[in-house]
Structures are given as structure tokens and as C-alpha cells.
Amino acid sequence: MLLSSLVILPLLTVLAVAFCKELQQIRVVAFIGTLLQLALVAYIYTAYQSQSITQSNFLLERDCEWFPLLNIHYHVGVDGISMAMIILTAIIVIAGVLVSWKIKELSKEFFILLLLLSAGAYGFFISLDVFTLFFFLEVAVIPKFLLITIWGSGKKEYSAMKLALMLMTGSALIFVGLMGLYYTAHSFDLQTISKTLLNPEAQKIIFPFLFIGFGFFAALFPFHTWVPDGHSSAPTAASMFLAGISMKLGGYGCLRVATYLLPYAAQYYSPYIIALAAIAILYGAFATMMQTDLKYINAYSSVSHCGFVLLGIGMLTQTAITGAVMQMVSHGLITALFFAAIGMLYERTHTRQVKELGGLLKVMPFISTVFIIAGLCSLGLPGLSGFAAEVTVFVGSWQRTETAYRIATIVSCASIVVTAVYILRATGSSILGAVKNEHFLSLKDATWNEKLAALLLLIGIIVIGIMPYVLQNAITAPVVDIMNHLNANK
Amino acid sequence: MPENFFILFKQELWLTAILFILLISKLKDKQPAATSLLTGINILLLLNFLSGFFFNAEGSLFGKMFVTNHLHVFEKNILNLAALLISLQSTKWLENHEHIIEFYVLMISSLLGMFFMISAANVLMLYVGLELSTIPLAAVANFDLKRKTSGEAAMKLIISSAFSSAILLLGISFIYGCTGSLDFADINNLLHKEPLHAAAFLLFFVGLLFKVSAVPFHLWTADVYEGSPVAVTSFLSVASKAAAVFALLNVLNKMAQPLSSIWHDALIWISLLTIIVGNLFALRQQNIKRLLAFSSVSQVGFLLLAASANSSLGNAAIIYFILIYVFSNLAAFGVIALVSAVKQKETLTDYHAFYTNNKFLSWCLSIALFSLAGVPPTAGFFGKLFLLMSASQGITFTVLTIAALNMVVSMYYYLRVVRTLFANNENECLEAIEVPITAKIALVICVAGILLTGVLSGAYNYIITLQ
């Protein structure tokens, strides 16, 4: 019941927001709702901690029949990985509500959709039944479409449709994979399937459907093309959610469903995954160099950074998978912070072109500092979360000694240099230097809500950066479980 | 007359009683006012719907030509619900119409025919039911008396259904020639895998596929749907189609088991074609009724795919999907009926920025379209997935993938409508439409049905217990 309230609470908030009349009321109710979410997540974390000392499997489980004849259950529970993702979701949702404080047009609908998105994400991360998981995965697609198509900017209708159709294609492939899984293992339950020995040939057929399906969400090359358009057209909060959580749904699915349930096929297809991930990393980095729009810069760099998640998963070593999970959390925070900063700049200057910006540090010191920190974190400065996560992935990758894996690792490491180029160039010309436009001088710095949102995300980034072991320890047990599973099915 | 005649025949008797009441009231000199007449009829239809839930029994009548059981009663309840909802939704249109009673007499006769189709255990009974259900519909299709397209739709409907009936009848006579019987159970025992038997069944089968408008027998659908008044279009696309699918299921399960290997493959091919062609035609439609017509063609494709599984799981999924389809399609048509009755506008561009002034209607239409597209948490998600789940026992990965990817294609045209509704340049858009209370009730029932029949698994589990 405790975990189910993660889904119920956003829905109750939606109801409360639906009955609000005034703008201020809507904002406050939505903010209180997300604050309660954070409190609930903190409470679940303490409950989880107190139990996890004695047990190492999924905790706070609840299992009830949903469609008994089809063997579909509503089965939820958390382990270290899902706990980390839930905390990430809570932080990003609250930051998202804070940065959307100024939305005036159809504000009620905006907050309702944002809250529905969070309900879908929570439900996805706590599901232990793959049907339930699939259900929540799709719940989160339509609100994204509406958020972009109504409140977006630029060629928003095209981007929204592209995003919805590509994500739905991913879902369709996942569904076919799930059917294969269901008719091989006769169950949708994650733990039951993981205990049955699936026929290796069947695994080989099912795996591509599941991995590519989730890959659509995680921006697996060449299915990443919705990312740049979707992110750059979306309103700030939706961009934060898309890059921060939505892409992580894919990474989590690749790890928890595809790799965990089909260990033999995961090893068989590992070289292909590595190749695609390395291409995504390098391609994303070079494509970013060519961008002039700040949102496009961050969107393409997300493709590159999410490549590290898939690289870590594809390497199939304990360190690399730990790194992949860390990268999911870290990238979620960084990219949300980056999009928040870009959104704040855009709201004031009405441009996102690097060329037209300049000297903003003098005018808006807070926002500019946040922007610089997000940039530095993105290029992997030690002391911030990006460094901790990426180094873990690289160390884990280096443990694979085959030549092809070595090449992939080296290529991916080299992309860091490219990252440094575009991040420093963008920061340099848009934040530092002389003020380019006199109109900028009259602009005001961040308001309280924007400061609070940025601080929340910054705290997360710095905590993980300075004390990565907090996160590492939490996810060790489930990663070891995945590794045991992989090793038992060689 | 068997002792429980009144219980077994109760739903048909109710409809007949309503028909008589309507005819008698028509014969009276002084006609009641339109609003009170409509209220009275709606109450009668509501009572008729509720009566389906009490005193149910299983048994057969008329020398085993007419069979009823709990599943059939449930199927008829679905149709009753559809009739009630359509009646509630079309009050606005009917208020200004001079032939209210005639409309209902024809519609209820058609419903009666569908009941006989569902309960048929004899080929002739099926045929009689089929004719009784189609001919009145052709008459109501012409009910927009001043519009030429309405007459055209009626003409197309009657000609195409006469054509398909002729094929069906040819099939029936061949079947009779092969087996010497018209009874489902006898035919099931006597049919063999012989060319003549297969040909006889095929003709019969094609006749039924015409009624469900499966590709390549779908061409009449779009024109008829576009031309008919919205109330008739929704009746055609929901009730008529549902009854035909129920009858088809009956035939496949009770009459054609010996030939299952033949129709299994045939159904897979036909359903794939139906899904793909329906989707491709729907992609570029500008008229919203036409769009829904083609989308309903592709929905039938999914139903036929599950029918090919020939399993109780598949049948349950089909009946469940039809229940959801009633809610979703009627929610969509309910909104379209209002806009059409008030503004006489039916093209997609008329719905531009519809959300600005009509928030309630926009949400209803969007939720209905999400359900048709199969997006959670609407019931359409569960309905479609269960169809594919039950179908995937008997089909290859390729077929399943094609079907699943077609759900994405259909997503495009549904989302295109949603995008139009929420478009936000406000230079010109429809002003607020006043929603009459009856239509509001119908829409709320539909939306509640869409949101609840999926997530709360009760409806599906109930259907399972009926089998």
C-alpha cells in the first residue's frame, strides 16, 4: 500500500488541481502535492533502509491479482535501483513545478499533465510485473505529447507527433517482446520469469524486441531522432521531465527487463549493443558541436550521455552496470538543471541562440552560475556527479579485455574531449564576455521559485559527486543479483 | 410453449412491447411534444436495458432455432446499452425532426433483428435476423430528409447489403445441399474438409464479412457513414457491427469447427489486410465521420485477428473489446453528433482550437480517441492488448509485429484530431456549444466506462465467468 500511494498521491493532486479556480491556488496545490510526493519518497526510503539491512531482495512488496485468467498481477516492490530512480523522479517533478510557476495559459491543464506524468514514472519504477510496467510506461507517453503540442515552442506540432509515434513504436516492439516472454515463461512476473530457464533460442528472438523497444525511450542509436526535436520544442518543465526521467525509463527497462530476464541473449547481443552505444556517444557529441541553439545543444548531448548508460549495460560487468545506473541518476539531475537554466534564460532574453547571447553573468549571476555548474558537471568535472558516474562506466568497460570492447571504451572516453569543446564554447560565448544586447541589462535574476528548483537539483548533483558511495552502496545488491543471474546463464 | 418462454424470450418481448407502444402513440390524433416524447422513449429504453440484468435463464425455443444463455444475454445488454446511449445523444437532432416515432420504430426493429442474429442456432434464423437488422437501417440512413448525401447513403447501404445477403443465401443453400440440415450443431457434425463444403462455407463466410465490413468488402462503409445522420452512423458502427461480430463468432464456434484450419489462415490474412487498409485510408481523411469509419474498419481487423485464435480466451477478449468499443466510439460520436446538430459542421478543420470554448466536449472526444488508439489508462489499451494476446497463440511473430506496429499508425490519425482540438491560435474557432442534459449523461457514462472498465478488471473477469 505504501508504494501504491506513490501512484495514488499524484492522482489525488490532479483531482485537487482540477477543482481549483484561481491561478495562484493551482500553483500552490500543485507545489504542495509535489512536496508531499518528496516527503512520501523520503518516508519510503527510511522504510526501505530499515528493511534492507536484513533482506537483499525486493522490499515493500505488494502483489494482488488483476486479471487472474491471464495471470496478470498488480505487483510492486522496490530495490536499490528503483529506489534511486524514485528519488530522482520526486526531485525532478518538484523542480519542474517550480520552474513552471509563471505559466499562465491553461495552467491547470499544464500541472495536471505534469502530475500524470509523474504518476506514470513512479508506477513504472515500482512495477515487478512486466504487464504493469508496460502499462505505466505507456501512461507517460500521451501527457508528453499534449505538453509539447500545447505549450511547446518552434515546430512543436511536428516534434510532438514525432515523439509520440516513435515512443509508441518502441512500445509496440516491447509489447511483441512481452508476448514472446509470456508465451515462453507463462507469466508476467519479473521474479518468476527470472527463475525459469528460458530456451536460449527463444531468448535470442525476444531480446531485440525488448531492447530496441526500450532503446527507443533511451535514445539508442539510430532510434534517437525524437530526442533533439522533442526536447527543444517542449516547455521547460517537460524538457526536464523528458530528459531527466523519460529517457531513464528506457535505460531502466533495458536493464531490468531485457538484460535481467534474458541473460543469455544479453551476452549474445552484447557486441552489437556496445557498437550502437559507442556510435551514439560519439555521434551525439559531434552533432552537438554543430548546434547553435542551447536547447538543441543539451538535447544532442543527452543522446551522447545516455549512450553511456547503454554502454554500461552492454558491457555486462558489475562495475559497468553500477556505472550505468549512476549515470542514469546523474544525467537525470544534470540535464534537468541544464534545461531549467536554459528555460530561465529563454524566458528573459527570448532567444536560445548562442550567437545572440553574451555577458549574462553580469546581468543574471545566479542563473549564469547554475548554467556554468551544469555545463561543468556535464563535461565531467571531478567533485560533481557526472564525473563519478562516467568514471565508473569507463572502469567497468575497461574490465572487458576483448579488442572490440577496448576500442569501444577508448572511443567513448575520447568523446569527453568533444564534450569539453562544445560545453566550454557554449558557456563562454553565452555567459561570459561582454553584454551583447543592451536590452539584456534590464533583465532580472532568478526568482525564489527558480532558485529553489535549481538548488534542489544542485544538492543532488553535489551529494553524488562528493559521496558517490551513498548511491553505489544502495545499488550494489541488485546489481550483484543481476550479475549472478548473468553468470549463471552463460 | 415452454414454461419459461417469457424468461428466455424476455429481451425480445421487451423490444416488441416498446414497438407496440410507439406504434399506438403514433396512431393517436394528438401528438405529444417532442421533448416529452423523447423523455418517455428514453425511459422505456432505460427500463429495457435494466431488465436484461434480472431473471436470466439458459435454454432454447422454437425447436432449437433460438438459443439463449448468459453470454447471449450479456451481448444483448451491450446492444441495449448502445441503443440507449445513442438515443440520449441524439435528442438535440431529433427534437427538430418531424418523424421521431418512425426513427425509433425503425431503430428498435433493427435491434430486434440483431437479437435474433445473436441467439440464432439455425442458419435460417440467422438470415432472418440479419435482414431484419439491415433493412430498417437503410431506411433510417435516409433520415436527413433534406440532404442528398443521406439518400445516397441509404441507397448504397441497401444495395450492398442486398448483394451480400444474396451471397450469404447462396452459401446457405450450398450448405444445405452438402449437409441436409440448417441447424448449427448438425452442420458442425456433417461438414468435412471437402472442396464443395469449403466453398459453401466460404460463400456464407464472405456474406458475414460484408456485414462486419472487413477488407476487401469494406467499400460501402465510408460513404454510408459519411452520408447518414450521426445517430445512424453511430448505430451502424457500434450496434450493427457488434451484432455482426457476435453472429460471426457464433458461426465460427458452433457451426464451422471442422473447417477451422481453413478459416484460421483466411482470417489472419483478412484481418491483416483490414487493419492495414483501414489505417491507410484513415490517415488522410478530412471528414471526421469518414475518419472514424475507416478507423472502425481497422478496429474490426483486430477483432478478426482474435477470432482466428478460436479459443475461449479470444472470444472473451472480443466481447470485452466490443463493450469498450461501444463506450469509446459512442463518446466520440456523441461529441460529433452535438457539433453536427448545432453547427452542421463535420470536417476536421471545423474543430480547430475546439478546446478554447468547449472544454468538456474536447476532453470527452480526446479520451474517446485515446481509448480507440489503445492508450492507457483507458480501457481501449486493455481491450486491444487482450485481443492481440489471445491472437498471439496462433500467429507468428511477424503477424503480431505488423499488427502491433499498426497500432502506432492508427495513433497518428487519432492524435491528429487531438492536436487539432488543442491547437492554440484563436483567430477562428467554434463558439461554445450548449450540451443538453441527456447528451451530458450519455457522455459521462461513456467516459466513465472508458476509464473504469479497464483499470478495474471486474468487467473482463465477469465476461470470463459467462463462458
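Chain B is divided into domain 1 (1–254) and domain 2 (256–467), with bounds that come from an automatic or database domain assignment. This is a predicted model, in which local features need pLDDT of at least 70 and side-chain atom pairs count only at pLDDT 80 or more, whereas totals for chains, interfaces and linings use all residues. Residues are numbered from 1 along each chain as its sequence is written, while chains are lettered from A and ligands numbered from 1 in the order in which they are written.

**The two domains of chain B**

- The C-alpha centres of domain 1 and domain 2 of chain B lie 21 Å apart, and the contact takes 47 residues from domain 1 of chain B and 50 residues from domain 2 of chain B, two residues being in contact if their C-beta atoms, placed from the backbone, lie within 7 Å.
- On the side of domain 1 of chain B that touches domain 2 of chain B, the elements giving two or more residues are H4 (70–89), H5 (91–95), H10 (195–211), H11 (219–227) and H12 (230–254) of chain B; helices (H or I, at least four residues) and strands (E, at least two) are DSSP runs, numbered from the N terminus.
- H12(B) provides the largest share of that side of domain 1 of chain B, 14 residues.
- By class, that side of domain 1 of chain B holds 28 nonpolar, 14 polar and 5 charged residues, where Ala, Val, Leu, Ile, Met, Phe, Trp, Tyr, Cys and Pro count as nonpolar, Asp, Glu, Lys and Arg as charged, and the others, Gly among them, as polar.

**The contact between the chains**

- Chain A contributes 26 residues and chain B 24 residues to the contact.
- At least two residues of the side of chain A that touches chain B come from each of strand S1 (59–67), helix H5 (130–139), helix H6 (141–151) and helix H7 (156–185) of chain A, and the largest share, 12 residues, is that of H7(A).
- The side of chain A that touches chain B divides into 21 nonpolar, 3 polar and 2 charged residues.

**The nonpolar core**

- The largest nonpolar core has 383 residues, of which Ala95(A), Leu337(A) and Ala340(A) touch the most other members; such a core is a set of buried Ala, Val, Leu, Ile, Met, Phe, Trp, Tyr and Cys residues joined through C-beta atoms within 7 Å.
- Helix H15 (residues 312–343) of chain B gives the most to this core, with 22 residues, and because domain 1 (1–254) and domain 2 (256–467) of chain B both give residues to the core, it lies between them.
- Leaving aside neighbours within four places in sequence, Ala340(A) is in contact with residues including Ala95(A), Val99(A), Met240(A) and Leu457(A).

**Each chain as a whole**

- Chain A has 20 helices and 2 strands, and buried residues make up 62% of its 490 residues, a residue being buried if 20 or more other C-beta atoms lie within 10 Å of its own, exposed if 12 or fewer, and partly exposed in between, with C-beta atoms placed from the backbone.
- In H3 (residues 80–99) of chain A, 20 of 20 residues are buried.
- Chain B has 20 helices and 2 strands, and its radius of gyration, taken over C-alpha atoms, is 21 Å, close to the 23 Å that the globule rule (2.2 Å times the number of residues to the power 0.38) gives for 467 residues, so chain B is as compact as a globular protein of that length.
- Buried residues make up 57% of the 467 residues in chain B.
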